[in-house]
Amino acid sequence: MLDATAAAGALFVDEHGRVLLLEPVYKPGWDIPGGMVEPGESPAAACERELHEELGLHRPVRRLLVVDWAPRAEGRFDLMFVFDCGSLGEDRDIRLDPAEHRSWQWASPDELDALLNHRLAPRIRNALRVRAGGAEYLEHGVPRS
């Protein structure tokens, strides 16, 4: 029997190619919108649910960008899905849940290493790279090719 967890995240970019990041109240650092996939829920449905819960947005996912296999202790692993959720222009209406997030910001690709943990930064850089077309399978943040 596999012992795995799955999470789904949303990649939003602005007109300058910057990535939307959230500052969680429950851990240090920054993250992208998203969260754990619940039992019986698809990764895309989890991403859409988390967008509504975390940002107050009703936005369908556009397409899968990357799946990242990440090992954990004792043979367990995580599958991390990142979906393209399009662009947010000046008409964005982000309403954070204060129980989950302190703030949000736009970050350029050059700022990702300083703001995101060592597992998430390469995942997001790869998602940005394939955003123009295609999808990518990753293992611990690195393309397997």
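User: What makes the radius of gyration of the protein agree with a compact globule?
Analyst: For 145 residues, a compact globule would have a radius of gyration near 15 Å, and the protein has 14 Å, so the two agree. The radius is taken over C-alpha atoms, and the globule rule is 2.2 Å times the number of residues to the power 0.38. Those C-alpha atoms fill a box of roughly 45 × 30 × 30 Å along the principal axes. Please keep in mind that this is a predicted model, where local features need pLDDT of at least 70, side-chain atom pairs count only at pLDDT 80 or more, and totals for chains, interfaces and linings use all residues. Residues are numbered from 1 along each chain as its sequence is written, and side-chain values use heavy atoms, leaving out hydrogens and water.

User: Why is His118 called exposed?
Analyst: Its relative accessible area is 67%, so His118 counts as exposed; the label means over 50%, buried means under 20%, and partly exposed is in between (1.4 Å probe, protein chains only). In the protein, buried residues make up 43% of the 145 residues.

User: Where does His118 lie?
Analyst: You will find His118 in the loop between helix H2 (112-115) and helix H3 (120-130). Helices (H or I, at least four residues) and strands (E, at least two) are DSSP runs, numbered from the N terminus. The protein has three helices and eight strands. Between the C-alpha atoms of His118 and His140, which are 22 residues apart along the chain, the separation is 9.8 Å.
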